[in-house]
Amino acid sequence: MRWRLLRPLRTFSGLVLICLTLAGCSRGLMIDTSLTSRGQDSRVQYVILHYTSSDSARARNTLTLGEVSSHYLIDANPPTIYRLVDENRRAWHAGDSSWQGRTWLNASSIGIEIVHPGYRDTPQGRHWQPWDQAQIDRLIPLLQDILQRHGLSPERVIGHSDIAPQRKLDPGPLFPWQQLAEAGVAIWPDAARVAHYQHLLAGQTPPLAWFEMALERFGYSLAARPGQTDATRNVIAAFQMRFRPARHDGLPDAQTAAILAALVPDSFAEISRFTGLAEPAIDLP
């Protein structure tokens with residue numbers, strides 16, 4: 001008789017346990033977020049600017065239907081900002097890349113593609129297309145927002161040609177880096193410091209070894225592909241496209257050296273290690 005009484009109780013207890021288990025499963029994984037670690041920062045370390053080298057329709061298809069992607073696309077006519085990939089996810093825009101010793105930057109960067117044709121080669125030479133100011137007017141507040149939210153400084157905004165100088169030219173020599181710097185979302189060399197170094201150089205060009213040292217310290221990788229002999233020239237050209245776009249042939253000269261020295265602290269003093277130029281007795285602060 002007692003066994004007959006206990007059996008319903010055990011069955012009821014089992015049903016209660018099953019119901020409680022199912023209820024817990026229906027709520028999903030429970031995580032307490034009341035504690036926050038102080039030692040953290042954003043996974044995003046850089047913002048990389050690209051041009052699409054295509055029209056709007058092709059760019060949208062490429063970036064939404066193919067394997068290549070970017071976090072943002074700034075279209076033209078009218079200029080519109082599309083978010084294609086959430087910032088907390090990786091977009092495939094950088095490819096084989098390097099900056100400041102970090103490699104394969106897809107995982108640590110936000111990519112912004114801007115609809116722009118790039119250039120066309122003609123019998124008279126390469127013709128670069130001008131930029132649409134309306135697109136730049138959309139880009140600047142987007143960069144301001146990204147930098148603020150991720151705690152990044154203006155120096156973390158770079159071009160595709162900076163991170164892949166052996167294979168990429170975008171955003172090209174007509175891109176308005178100085179305007180971005182004036183808006184606080186990029187960097188530009190101080191004109192007085194550049195003039196100071198040009199005066200000290202007196203037309204003399206430091207040796208290539210100094211350029212390689214300073215370019216690497218600035219962030220570029222000088223790594224060459226097997227059999228390649230123009231790797232350093234490509235890096236110098238990428239630097240010139242960004243900071244001395246009037247002439248970007250990749251050849252070292254005194255003006256490029258002065259601009260590079262103005263951007264890389266203490267690099268000018270090291271010219272004396274590579275040449276007979278005297279180390280300046282007084283440098284700018």
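User: Which helices each supply at least two residues of the lining of the largest cavity?

Analyst: Helix H4 (160-163) and helix H8 (231-243) do, and H8 gives the most, with three residues. This is a predicted model, where local features need pLDDT of at least 70 and side-chain atom pairs count only at pLDDT 80 or more, while totals for chains, interfaces and linings use all residues. Residues are numbered from 1 along each chain as its sequence is written, and side-chain values use heavy atoms, with hydrogens and water left out.

User: What lines the largest cavity?

Analyst: Ser161, Asp162, Leu169, Pro171, Gly172, Trp177, Ala238, Met241 and Arg242. The volume of that cavity is about 50 Å³.

User: Which residues does histidine 50 touch?

Analyst: Leaving out residues up to four places away in sequence, histidine 50 touches His93, Gly111, Ile112, Glu113, Ile114, His160 and Asp170. Touching here means heavy atoms within 4.5 Å.

User: What makes the histidine 50 and histidine 93 pair a polar contact?

Analyst: Their side chains come to 3.0 Å, and the rule asks for a pair of N or O atoms within 3.5 Å (within protein, one able to donate a hydrogen and the other to accept it; residues adjacent in sequence count only if both atoms are side-chain atoms). So the pair passes.

User: How do you know that the length of helix H3 is close to what's expected?

Analyst: H3 (residues 133-150) has 18 residues and reaches 26 Å from its first C-alpha to its last.

User: Which residues of H3 are buried, and what covers them?

Analyst: Gln135, Ile136, Leu139, Ile140, Leu142, Leu143, Ile146, Leu147 and His150 are buried. Their cover includes S1, strand S6 (109-114) and helix H5 (177-182).

User: What caps the N-terminal end of H3, and what comes just after the helix?

Analyst: Aspartate 132 is the cap, with a side-chain oxygen 3.0 Å from the backbone nitrogen of alanine 134. Just after H3, glycine 151 takes a positive phi of about 65 degrees.

Notes
Helix = DSSP H or I, 4+ residues; strand = E, 2+ residues; numbered from the N terminus. Expected span 1.5 Å × (residues − 1). Buried < 20%, exposed > 50% of the residue type's maximum accessible area, 1.4 Å probe, protein only. 1 Å grid on protein atoms, 1.4 Å probe; cavity = no way out; pocket = protein on both sides within 12 Å on 5 of 7 lines; lining within 4 Å. Points joined across faces, edges and corners; volume = space filled by probe spheres on them.
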